[in-house]
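Subject: Structure handover

Hello,

Here is the structure, followed by notes on what was found in it. Please read the notes with the structure open.

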Amino acid sequence: MNKPVQSTTGSSLSLKLPTADRSIETYRLAASRSFPAKLSGTLNRVAFSAAHVVADPLAECDPWLNQAIDWDKTIAFREHVWDLGLGVAEAMDTAQRGMGLDWPTSLELITRSVAAAKPRNGLVFSGAGTDHLAVEDAKSIDDVIKAYEQQFEAIEKVGGRIILMASRALAKLGKNADDYAKVYDRILSQSQNPVIIHWLGDMFDPALSGYWGTSDLGQAMDTATDVINRNAAKVDGVKISLLDAQREIDMRRRLVPDVKMYTGDDFNYAELIAGDDKGYSHALLGIFDAIAPAASYALSRLAAGDEAGFHDLLGPTVPLSRHIFKAPTRFYKTGIVFMAYLNGHQDHFTMIGGQESTRSTQHLAELFRLADKAGLLANPELAVARMKSVMATRGIDA
């Protein structure tokens, strides 16, 4: 049985942080919570964490141009996620896929992750896209199909399950619903196992504007739903990342019964996972990387019939998630990796592509406050020491 979440009465820890008016305050940490390190029991939702990769800060490379991965730390983080009963959504946007992580490195990541999952019976699905095909080199819909086929074949060859990712090349070439139907019908017909389809909104990737052949989200949802329901035997579920709870609910109610809805809404996930009398969403979330212990324990309470406990645990994480995913949303990965650094999953705040620089000192300071208030700093003493070192590099003395 899981141990209960513990609360302390307070904390004597403090540090200097900048405020919105450019002054410096002495911030004192709130009461902390601790969460079980492993899941005991079962869950009644399928939940994936879209996991980040850990950069190798000692590698000789140009971070804007080359990838250097610390494979041991990267796989260790996935083992942490599996221990908590969550699945890993591999080589996706959270891992900087198409935004620093290229296809050859992604395939190596997928291969290593699939191998590491087997002895733990860990759940892992991996992203298949068309990112090895430069958008300017894609001349036809058939080029897009061939690119998808290449990645599907490579992932299935190493024993992986597929997340069918959105394609920048298809966003460029696809003019209408028929173009999208041609691609998805062809690819799904060839899949060895049911896949998860990912509809990623342009707030996450501006190059995906007009996906499904239209800028009208209602029409886009009509096309996507038709494709999914028509190919239901080859679709495990669909993840939509539109940050619009009502659109997700509307689409969820239109899916055939055997197709799952995986929420990708990092603003409204608690209410969408809890659901209503007409259904609920499963989860495939980038924020679950940063809040995995709290998410795991909250989901276990939901499965035990304790919905109030679920909301008590997960509700306080939502303000942090909304902050991490605030516009420009595509920079959310910086906050995810910063949380991993604060919580000891890596020894540095370095990212591939140099993306540790995409958020301001003010942003990181508010992230720290919100993580503390949600009880998400696993070792407050370590988190304070690391936050002080980051603030010092930005001109704020301890």
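**Core**

Leaving out residues up to four places away in sequence, I291 touches Y269, L314, T317, L320 and L376, where contact means heavy atoms within 4.5 Å. This is a predicted model, in which local features need pLDDT of at least 70 and side-chain atom pairs count only at pLDDT 80 or more, while totals for chains, interfaces and linings use all residues. Residues are numbered from 1 along each chain as its sequence is written, and side-chain values use heavy atoms, with hydrogens and water left out.

I291 also belongs to the largest nonpolar core, which has 124 residues; Y184, W199, Y211, I287, F288, I291 and F368 touch the most other members. A nonpolar core here is a set of buried Ala, Val, Leu, Ile, Met, Phe, Trp, Tyr and Cys residues joined through side-chain atoms within 4.5 Å. Buried means under 20% relative accessible area, exposed over 50%, and partly exposed in between (1.4 Å probe, protein chains only). The element that gives the most to this core is α3, with eight residues. There is a second, separate core of nine residues, and F48, M92, I163 and I196 are among them.

**Chain as a whole**

The chain has 15 helices and 12 strands; helices (H or I, at least four residues) and strands (E, at least two) are DSSP runs, numbered from the N terminus. Its radius of gyration is 21 Å, close to the 21 Å that the globule rule gives for 398 residues, so the chain is as compact as a globular protein of that length. That radius is taken over C-alpha atoms, and the rule is 2.2 Å times the number of residues to the power 0.38. The C-alpha trace spans about 60 × 50 × 45 Å along its principal axes. Of the 398 residues, 55% are buried.

In α12 (residues 317–324), six of the eight residues are buried, namely T317, V318, L320, S321, H323 and I324. Their cover includes α8, α9, α10, α11, α13 and α14.

A383 lies in helix α15 (residues 380–393) and counts as buried, at 0% relative accessibility. Beyond its neighbours within four places in sequence, A383 is in contact with L342, F368 and L377.

T130 sits in the loop between β7 (124–128) and α3 (141–157) and is buried, with a relative accessible area of 4%. Its side chain makes a polar contact with the side chain of S167 at 2.7 Å. A polar contact is a pair of N or O atoms within 3.5 Å; within protein, one must be able to donate a hydrogen and the other to accept it, and residues adjacent in sequence count only if both atoms are side-chain atoms.

**Aromatic pairs**

How many aromatic pairs are there? The count comes to 15. Rings of Phe, Tyr and Trp (its six-membered ring) pair if their centres lie within 6.5 Å; planes under 30 degrees apart count as stacked, over 60 as edge-to-face and the rest as tilted.

F48 and F125 form an edge-to-face pair, 5.5 Å centre to centre with 75° between the planes. F48 is in strand β5 (residues 47–50) and F125 in strand β7, so the pair ties together parts that are 77 residues apart in sequence. F48 is buried at 1% relative accessible area, and F125 is buried at 4%.

The rings of Y180 and W212 have centres 5.6 Å apart and planes at 40°, so this pair is tilted. Ring pairs link Y180, Y184, W199, Y211 and W212 into a cluster.

Regards
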